[in-house]
Amino acid sequence: MANGESGVVAAIFGEDELSEVSGVKRVGDYVEITCGCTSHRYGDAVGRLRVFVNGYLEITCECTPGCQEDKLSPSAFEKHSGRETARKWKNNIWVIVKGEKVPLFKTVLLKYYNQVSKAAALKSQSGRSHRDEFVRCTVCNKERRFRLRSKEECRVHHDALADANWKCSDLQYDKITCDDEEERGSRRVYRGCTRSPTCKGCTSCVCFGCSICRFSDCSCQTCTDFTSNVKV
């Protein structure tokens, strides 16, 4: 489908649904909208949000003319903007509706993202959950726990695991420093398996890939392979 044609997108977003949203552009299998995230310190960081027909979201940052940040997840864009109260991207990222900044969660733009997330969560709850995982700090050599109960938490762990220089201070959502004690071994055996509290890994808590722990905007081989297989 050529750029500008709205056949596929119109099927999921009617003209009336987006008529009051500013900066809308229909391109092939996605719709692009001007968005932003406001930091009290740095002001507004503006970007272009892409909403795909399969529910995936990605943002190209335009905070400065030379910014090279492209294909960011909403949570990554929120962090890049310098937003002080991160981890609430649905509330903190906005679009312009009737000339006013409106949080994403109050718009129709998350309708298909929420449907995909809900379906993935139900699939996970029906047979498999994600157990807690640990990543070792490259500075203090202590292992830190990551809870994987949501897509956002899975992304934090995914990015930390991929970072060869990950350190405690990078874990922004839990205020942990290298000075904090490492979890005792007796505590670390409890990793959130719904089948057995001290499970060492089973089909109920070890996931080999699902839409919660794999990401379409990530270029690593694991995510790329999963996304390709899903599309097939």
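A nonpolar core is taken here as a set of buried Ala, Val, Leu, Ile, Met, Phe, Trp, Tyr and Cys residues joined through side-chain atoms within 4.5 Å. In this predicted model, the largest such core holds 26 residues, of which L49, V51, F77, I93, V95, L104 and L109 touch the most other members. At least two residues of this core come from each of β2 (30-39), β3 (43-52), β4, β5 and α5 (111-127). The largest share, four residues, is supplied by β2. Beyond four places in sequence, L104 is in contact with L49, W89, K90, I93, W94, V95, L109 and L110. Another core, of 16 residues, lies apart from the one described above and includes V135, F146, W166 and C218. In soluble globular proteins, nonpolar side chains tend to be buried together.

The mean pLDDT is 82, and 84% of the residues reach 70 or more. Strand β5 (residues 93-97) has the highest confidence, at a mean of 95, whereas helix α1 (residues 7-12) has the lowest, at 49. Over residues 1-10 the pLDDT stays under 50, and the model has 22 contacts beyond four places in sequence for this segment. Where pLDDT is low, the predicted coordinates should not be read in detail.

Residue T60 is part of strand β4 (residues 57-61). T60 and D70 are 10 residues apart along the chain, and their C-alpha atoms are separated by 4.4 Å. The side chains of T60 and D70 are joined by a polar contact of 2.6 Å. Apart from neighbours within four places in sequence, T60 is in contact with G47, R48, E69, D70 and K71.

Strands β7 (residues 133-136) and β8 (residues 143-146) pair in the antiparallel sense over four bridges. The two strands form a hairpin with six residues between them, and N141 in the turn has a positive phi of about 70°. Within this pairing, R136 stands opposite E143 in β8.

Strand β8 also contains R145. R145 counts as buried because its relative accessibility is 7%, under the 20% limit. The side chains of R145 and D132 meet in a salt bridge of 2.7 Å, N to O. Since D132 lies in the loop between α5 and β7 and R145 in strand β8, the pair ties together parts that are 13 residues apart in sequence. D132 is likewise buried, with a relative accessible area of 3%. The side chain of R145 also reaches the backbone oxygen of R187 at 3.3 Å. Beyond four places in sequence, the contacts of R145 are D132, E133, F134, E183, R187, R188, Y190 and R191.

In total, the model contains 17 salt bridges. Side chains of opposite charge can pair when their charged atoms come close. K111 is partly exposed at 29% relative accessibility, and E17 is partly exposed with a relative accessible area of 29%. A further salt bridge joins the side chains of K167 and D170 (3.3 Å, N to O). K167 is partly exposed, at 32%, and D170 is partly exposed, at 27%. Salt bridges that share partners also join E32, R48, R50 and E58 into one network.

Conventions
Residues are numbered from 1 along each chain as its sequence is written. This is a predicted model: local features need pLDDT of at least 70, side-chain atom pairs count only at pLDDT 80 or more; totals for chains, interfaces and linings use all residues. Side-chain values use heavy atoms; hydrogens and water are left out. Contact means heavy atoms within 4.5 Å. A polar contact is a pair of N or O atoms within 3.5 Å; within protein, one must be able to donate a hydrogen and the other to accept it, and residues adjacent in sequence count only if both atoms are side-chain atoms. pLDDT is the predictor's confidence in each residue, from 0 to 100. Buried means under 20% relative accessible area, exposed over 50%, partly exposed in between (1.4 Å probe, protein chains only). Two strands pair if DSSP finds at least two bridges between them. A salt bridge is a side-chain nitrogen of Lys or Arg within 4 Å of a carboxyl oxygen of Asp or Glu.
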